Amino acid sequence: MNSIQNLFSLAGKTAIVTGANTGLGQGICVALAAAGAHVFGVARRSCEETLNKVNEVGGQFTEVIADLSDLSAIEKIMTEVKSKTERIDILVNNAGIIKRADAIDVTVAEWDQVIDLNQKLVFFLSQAVAKDWIADQKGGKIINICSMLSYQGGIRVPSYTTSKSGVAGLTRALANEWAIHNINVNAIAPGYMATNNTTQLRNDSNRNDAILERIPAGRWGTPEDMYGAAIFLASDASAYMNGFTIAVDGGWLAR
Ligand code: NAP
């Protein structure tokens, strides 16, 4: 392998990916593992399918079962991962939920559920890994998963839009403080991707057609579409990138 290809290698690295059992998180696990990382996938249910997909690419994957709706999960994750590896190098904050309702009908409970997982957990899990990284001065990589609704208002998902707009801001805020410690905090904003998150939208033929008509690439995205950006932001290739959100959206934002 020449030195330029080496830039994208994750050999010898350890990554934590939240929401690892399905969808985009599963795709990110496969990508990072194929690039050489030992991936610890956090999920509240079995990650057997992800393990099988990682095995197919010859990668290394360990499941960590935790319900991320409660901040106490952070200590469990850190303790479990650190008992099995010397050092964490990469954190991907992928787990997220969406609640669809007219703004006028949103309840406090629904609002808190979305903000707690999509935003609060992202901050405090990032803080937990960064404490180790600042202490050992060896740096690290944080990749947050944003959304088109980090840029736009969306329709009938006000808590989700608030959370993902917040994560884009948080990505910049953490990058500003931690770049000096060799910690790269960046984000990926997926466009409209065919996962559980968008089942309701894809089942509504009017919304499905309207969305497809607006995507220049003419198709919904897939977990595989996340591979390139995830490896790039997790690797030395992005060493001088801080606080930026890359859109993987088939051109949605370009319209
Ligand atoms: P998904 O298939 O619904 O995946 C969401 C993941 O988060 C699942 O692994 C889910 O686990 C996990 N999760 C939810 N609540 C959890 C909890 N309390 N504890 C632990 N894990 C929990 O949807 P996805 O599209 O892959 O979503 C991944 C990320 O991409 C999310 O942050 C989402 O907002 C973002 N995103 C998606 C799209 C899109 O079009 N699909 C676009 C932009 C951004 P369970 O399977 O157990 O629920």
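Trainee: At what angle do helix α2 and helix α3 pack, and how far apart are their axes?
Mentor: First, note that this is a predicted model. Two packed helices are described by the angle between their axes and the distance between the axes. Here helix α2 covers residues 23–34 and helix α3 covers residues 48–56. They pack at an angle of about 30 degrees, and their axes are 9 Å apart.

Trainee: Are α2 and α3 roughly parallel or oblique to each other?
Mentor: Angles under 35 degrees count as roughly parallel. α2 and α3 are therefore roughly parallel to each other. The crossing of α2 past α3 is right-handed.

Trainee: How do the axes of α2 and helix α9 cross?
Mentor: Helix α9 is made of residues 227–234. Its axis and that of α2 come within 9 Å and cross at roughly 55 degrees. That makes α2 and α9 oblique to each other. Again the handedness can be stated: α2 passes α9 in a right-handed crossing.

Trainee: Now the charges. How many salt bridges does a search of the whole structure find?
Mentor: Side chains of opposite charge can pair when their charged atoms come close. The search finds 7 salt bridges. Take D132 and K82: their closest N and O atoms are 2.8 Å apart. D132 lies in helix α5 (residues 108–136), K82 in helix α4 (residues 73–84), so the pair ties together parts that are 50 residues apart in sequence.

Trainee: Are D132 and K82 buried or partly exposed?
Mentor: Buried means under 20% relative accessible area. D132 has 27% and counts as partly exposed. K82 has 41% and is partly exposed too.

Trainee: Which residue forms a salt bridge with R87?
Mentor: D89 does, with the closest N and O atoms 2.8 Å apart. Check the accessibility of each partner. R87 is buried, at 17%. D89 is buried, at 13%.

Trainee: What do the side chains of D102 and R156 form?
Mentor: They meet in a salt bridge, 2.6 Å from N to O. This pair links distant parts of the chain, 54 residues apart. D102 sits in the loop between β4 (90–93) and α5, while R156 sits in the loop between β5 (140–145) and α6 (158–178). D102 is partly exposed, with a relative accessible area of 36%. R156 is partly exposed at 41%.

Trainee: Which residues are linked in a network of salt bridges?
Mentor: K76, E80 and K84 are linked in such a network.

Trainee: Back to R156. What is its phi?
Mentor: Most residues other than glycine have a negative phi, and most peptide bonds are trans. R156 is not a glycine, yet its phi is positive, about 65 degrees. N182 is another residue other than glycine with a positive phi, near 65 degrees.

Trainee: Where is N182 found, and is N182 buried or partly exposed?
Mentor: Look in the loop between α6 and β6 (183–190). N182 counts as partly exposed, at 47% relative accessibility.

Trainee: What about nonpolar side chains? Which residues make a nonpolar surface patch of about 260 Å²?
Mentor: I4, L7 and F8 make that patch. Follow F8: its place is in the loop between α1 (3–6) and β1 (14–18). F8 counts as partly exposed, at 36% relative accessibility.

Trainee: Is I74 buried or exposed?
Mentor: I74 is buried, with a relative accessible area of 9%. Its place is in helix α4. The C-alpha atoms of I74 and L121 are separated by 8.2 Å, although the two residues are 47 residues apart along the chain.

Trainee: And where is I142 found?
Mentor: In strand β5. I142 is buried, with a relative accessible area of 1%. Compare sequence and space once more. I142 and A130 are 12 residues apart in sequence, and their C-alpha atoms are 9.0 Å apart in space.

Note on methods:
Residues are numbered from 1 along each chain as its sequence is written. This is a predicted model: local features need pLDDT of at least 70, side-chain atom pairs count only at pLDDT 80 or more; totals for chains, interfaces and linings use all residues. Side-chain values use heavy atoms; hydrogens and water are left out. Patches are made of residues with over 30% relative accessible area and no salt bridge: like charges are joined within 9 Å, nonpolar side chains (Val, Leu, Ile, Met, Phe, Trp, Tyr) within 5 Å. Accessible areas come from the Shrake-Rupley method with a 1.4 Å probe; for residues, only the protein chains shown count as cover. A salt bridge is a side-chain nitrogen of Lys or Arg within 4 Å of a carboxyl oxygen of Asp or Glu. Helices (H or I, at least four residues) and strands (E, at least two) are DSSP runs, numbered from the N terminus. Buried means under 20% relative accessible area, exposed over 50%, partly exposed in between (1.4 Å probe, protein chains only). Axes are lines fitted to C-alpha atoms, for helices over the stretch in contact, and angles run from 0 to 180 degrees between N-to-C directions. Angles under 35 degrees count as roughly parallel, over 145 as roughly antiparallel, 65 to 115 as roughly perpendicular and the rest as oblique. A crossing is left-handed if the near helix is turned anticlockwise from the far one by less than a right angle, and right-handed if clockwise.
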